[in-house]
Each structure stands twice: as structure tokens, then as C-alpha cells.
Amino acid sequence: MRILFYDTKKYDKESFDKILPKYEGIEIEYVEADISERTAKYSKGFDAVCAFVSSDLSKKVIEVLAENNIKLILMRCSGFNNIDLKACEKHGITILRVPGYSPEAVAEHAMALALACNRHIHKAYIKVRENNFSLVGLKGFNFHQKTAGIIGTGKIGAAMCRICRGFGMRVIAYDIYQNPELDFVEYVELDKLLEESDLISLHCPLTDDSYHIINSKSIKKMKDNVVLVNTSRGALIDTVDLIKGIRDHKFQSVGLDVYEEETENVFENREDDILETSVTSRLLSFPNVIITSHQAFLTEEALDAICYTTMENAKAYMKGDIIENNIVK
Ligand code: NAD
């Protein structure tokens, strides 16, 4: 099987090259360009393409892949909201993904953001480098004996609950299903979670129900001086409402690994003075906001797990022995 690997980063190539010799009959050609209407044509002569959560796998791109006789898309990620599934089905293209790799990688990053923004580590780092050892503006609060509110308690949310418990926090959660492994967590309605939490961390997927779950109404219900962290998907938060909340001094601090503008301008049809500039740059203008660039998954362990499952998916497809749970339908 010949795989064309789009959007190659140095760390991708290193992890895949490390285990490739174990997979007889599989060859990978790496390209830096991501897949798009323009670059999909390079898939001619390959059997499969490997893409990522940010790749363009829209209808037109799938049509080009189909013309080039591509029968398999290997997603080296768990998300697939960027794929036109109908077009894939029409052209008989199988999509295989990595449903879970290292929940702890994402949860640890969520706690890193929570701690960094609560204790102003980003400001302290810059100040001290400039020889300014003043403590003014650096006061945080203890997480110990405070309440952590976790929205979504699947694999990553559960890991975050355990981390928060380790900090001596009371852990409450909201989910449409309760996780039976979390006997130390008190499940509550969303409103109660918003009202009682000192730290709120989002770990549910982006669906029609969870779209803008954090908006002006939910922000109003939160405690003053709450810390808000989002490592899930940008559109769980209405960014314009968040900016208004920050301007109204609702938040002690905010840590975001994901944001609505990540892939496209989603604000085209909205009118607000906030939208005169990019909302992400507006967010970055607040000293109590930290943004990282969708890197929560990026640990050695997670990359190894992603790489292993992607290669196993390719091998299983060749053998006609696909793992049902890894198929995207
Ligand atoms: P999961 O499927 O194991 O858990 C998701 C949980 O959310 C489930 O318990 C589900 O019942 C719950 N849920 C669904 N809809 C909900 C709603 N409307 N309100 C409350 N809870 C709801 O998923 P996971 O592996 O824990 O991943 C969670 C999310 O993390 C993913 O959807 C993805 O968006 C994000 N993620 C981010 C990164 C990153 O690098 N930043 C990496 C991987 C995943």
C-alpha cells in the first residue's frame, strides 16, 4: 500500500518513520502541503491518503481523490467534522481514524493552562526576563478546596476529574451520560455547575447541542472570578460573548487551546463592534487570557499512540480486517 501523507510536520515524520519498518508492504511519501482542492491531485498513483483534523476533505477534494482511485483515508486524529462523509460513501472511500490516544495528554494541558493563567505564569515569565521582580498583578488563588466543574466526562474529562481531585478540589460534573468510573465526582445540572465552580473546564465534543454552550447567559450564571479552560473545540464558546464577559471582569482568567477562528472566519454573518478585528487577536489583548495553538494532544506518548493506531488501521485495511470502532461513518 502506498500512502500519501499530507501536512507533514517534523514530529509526524519522526514518529511514523520509527515504526514503518515493522509494516511490510506499506510505503509512505510525506508532503508538507495539506490536502486541498489544489493538492488533492498529487494522490494519483497512491492507494491511500493520510490527513489530519484540520485538513480540507470537502466534497470537491473527495471527488478528486475518487478520480485518482483512492479508496482509503487514514485520519491521524480522532475528530472528523472536516470530512464530507456523504461524498466518501458515494465514492466507496473508507475512512479510518484514531478514536482515543492519550486522554492524559489533553487533560494535563488543560490543567497546565488553568494553573498558568490563574498564577499569571505568562506575565511573570516576561516580567522576570526584563529584570522586573515586582509581584504586583500576579496574585492567584489556591485550587485546593475549591470546586472544579468538568463539562463532559468521557476519556479526557475523566482524566481531568482525577487531576483536579489530586489537587484536593471538590469535583462536580455535567454530562449527558454519567461515567461509572468516577465515584468521587458529583454529577449536577449545568446551571448548578456554572453557579458553583471556581474552575470550569470543557471536555465535551462539539455537537448541535453543545455549540456555544458557553454564551452570555451561561457566563452570567458563573461565579465572579472563575477560571475558564477550553481544550475541546472553539465553538463550544461564543467568543464574542466571552470577550464581553472578560471586559466585564467576570473571569479571573481564561485558558484556551482551541478557538472559533482556528480554521475559517466563522463570524462573517455577525455584527458587533468586537468583530472589527480578528476575535482571536482581541482575546490575546487581555492580560488574563492565555491561548495555545491546539497543542494539548502534543506529547510523545500521544504521538506514538496516534502513529501506532494509524499504521494498524492501514494494515487491517490491507488484510480486510478493519476494527469496527475505528471506522468513520
Ligand atoms: P469522549 O467521547 O470520550 O467524551 C466526551 C464526553 O462528552 C462523553 O462523556 C459525552 O457523553 C459527553 N457529552 C456529549 N455531548 C455533551 C453535551 N452536550 N454536554 C455535556 N457532555 C456531553 O471524548 P474525549 O476523547 O474525552 O474528547 C473530548 C473532546 O476533546 C473531543 O470531542 C475533542 O473535541 C477534544 N480534543 C481536543 C484535543 C486537543 O488537542 N485540544 C485532542 C483530542 C480531543
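## Helix H11

Helix H11 has 20 residues, which should span 28 Å at 1.5 Å a residue; the C-alpha atoms at its ends lie 29 Å apart, so the two values agree. The expected span is 1.5 Å times one less than the number of residues. Helices (H or I, at least four residues) and strands (E, at least two) are DSSP runs numbered from the N terminus. The model is predicted: local features need pLDDT of at least 70, side-chain atom pairs count only at pLDDT 80 or more, and totals for chains, interfaces and linings use all residues. Residues are numbered from 1 along each chain as its sequence is written, and side-chain values use heavy atoms, with hydrogens and water left out.

Buried residues of H11 include Ala-302, Leu-303, Ile-306, Cys-307 and Thr-310; buried means under 20% relative accessible area, exposed over 50%, and partly exposed in between (1.4 Å probe, protein chains only). An α-helix has 3.6 residues a turn, so residues three or four places apart point the same way. Gly-320, with a positive phi near 70 degrees, follows H11.

## Aromatic pairs

The whole structure contains 4 aromatic pairs. Rings of Phe, Tyr and Trp (its six-membered ring) pair if their centres lie within 6.5 Å; planes under 30 degrees apart count as stacked, over 60 as edge-to-face and the rest as tilted. The pair of Phe-52 and Phe-297 is tilted, because the planes stand at 50 degrees, with the ring centres 5.9 Å apart. Phe-52 lies in the loop between strand S3 (48–51) and helix H2 (59–67), and Phe-297 in the loop between strand S12 (289–291) and helix H11 (300–319), so the pair ties together parts 245 residues apart in sequence. Phe-297 counts as buried because its relative accessibility is 9%.

Phe-141 and Phe-143 form an edge-to-face pair, with 5.6 Å between centres and 80 degrees between planes. Both of these residues are buried. Ring pairs also link Phe-5, Phe-16 and Tyr-30 into a cluster.

## Charges over rings

A charge sits over a ring if NZ of Lys or CZ of Arg is within 6 Å of the ring centre and within 35 degrees of the ring normal. The charged end of Arg-2 is placed over the ring of Phe-46, 4.3 Å from its centre. Arg-165 lies over the face of Phe-184, 4.1 Å from the ring centre.
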